[in-house]
Amino acid sequence: MGLLVVGSIALDSVITPFGETADALGGAAVFFAMAGAVLHPVQVVGVVGSDFPEAHLKALAARGVDLAGVERQTGESFRWKARYSYDLNSRETLETRLGVFADFRPRIPEQFRKARFVFLGNIDPELQLSVLDQVQDPTLVACDTMNYWIQLKRDVLLELLRHIDILMVNDSEARELSGDWNIYRAARWILSRGPKMAVIKQGEHGALLVDADTTFKVPAYPLQEVFDPTGAGDAFAGGFMAHVARTGDLSFANLRRAMVYGSAMGSLAVEAFGVQRLEQVALPEVRARVRAFRDLVHFALDGEDE
Ligand code: AMP
């Protein structure tokens, strides 16, 4: 069951209180694919420039990521530079150089068009719609966006919401999109616009899965060391979607498990710079972290057996 991601492939330069990287492998599609590929094969559609190191693509291929949808174009690769605050809770974007990403028009290769699971990474909502025109009847479509598109292309974004199953955004995006500061009401507002579910990522406060009837909350894994929060949300999405693709099970119980796989991958992502940790992690370690989540929240009611 194919799992397709469309999004940025980047050279990231990140400064945190613990160090910095320059032109490291990054981008939303990359974090998604590196995390997802631990659980299920991932197909990537994106663009890189002539300066994009072959070694970065090899690192993805070594994880079993299918790069048939990655075009190399003449020009500079997409570059993004950011600096995190002391507590890692906020960041300042220092530079965004779009390069070849400015003219990115996703072309889904024939062999990816039957993908049953599709993740639309944060790109122009018009391009996200164009991806949906090219895939044949997917079972589950999830989508990310950012404040920039909420402000600049609100109407197109609202049109897109009518065609997706899950909107996966962070809390500030949910608030801005809905115009409501209350996150639970914001989630309901999203559902009223089309998606069956909203996944709201809350950073160190975990994540929420909201559908018409229920709300499920997963905490963030209690890490003692965080090195680089970049890409945590995309790694979350990769873990979530790859778990669903691997099991092919859309029951609510399984989507709850997907939330935990997502949180596990997000927590692994932030333990090292860029994709370094995701590149190395193996399935038994992911499963151990998923079990640790259960222990973290499990309790017995009064009089109940443990
Ligand atoms: P996150 O930490 O989830 O916001 O994701 C950060 C990743 O998104 C980095 O690897 C960046 O290369 C990538 N990124 C930053 N800005 C953009 C943008 N405008 N469009 C697409 N991807 C971006």
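A polar contact is a pair of N or O atoms within 3.5 Å; within protein, one atom must be able to donate a hydrogen and the other to accept it, and residues adjacent in sequence count only if both atoms are side-chain atoms. The model is predicted, so local features need pLDDT of at least 70 and side-chain atom pairs count only at pLDDT 80 or more, while totals for chains, interfaces and linings use all residues. Residues are numbered from 1 along each chain as its sequence is written, and side-chain values use heavy atoms, without hydrogens and water.

The ligand is surrounded by 15 residues, each with a heavy atom within 4 Å of the ligand. The closest are Ser8, Asp12, Gly27, Arg91 and Gly231. By class, six are nonpolar, six are polar and three are charged. Here Ala, Val, Leu, Ile, Met, Phe, Trp, Tyr, Cys and Pro count as nonpolar; Asp, Glu, Lys and Arg count as charged; the others, Gly among them, count as polar. Strand E2 (10-16) and strand E7 (78-84) each supply at least two residues of this shell. Strands (E, at least two residues) and helices (H or I, at least four) are DSSP runs, numbered from the N terminus.

In Ser8, a side-chain N or O atom is 2.8 Å from a ligand nitrogen. A polar side-chain atom of Asp12 lies 2.5 Å from a ligand oxygen. For Arg91, the distance from a polar side-chain atom to a ligand oxygen is 2.7 Å. Alone, the ligand exposes 510 Å², and the protein buries 82% of that. Accessible areas come from the Shrake-Rupley method with a 1.4 Å probe; for residues, only the protein chains shown count as cover.

Helix packing was also examined. Helix H8 (residues 232-247) and helix H9 (residues 252-269) pack at about 140°, with axes 7 Å apart. Axes are lines fitted to C-alpha atoms, for helices over the stretch in contact, and angles run from 0 to 180 degrees between N-to-C directions. The axes of H9 and helix H11 (residues 283-297) come within 9 Å and cross at roughly 115°.
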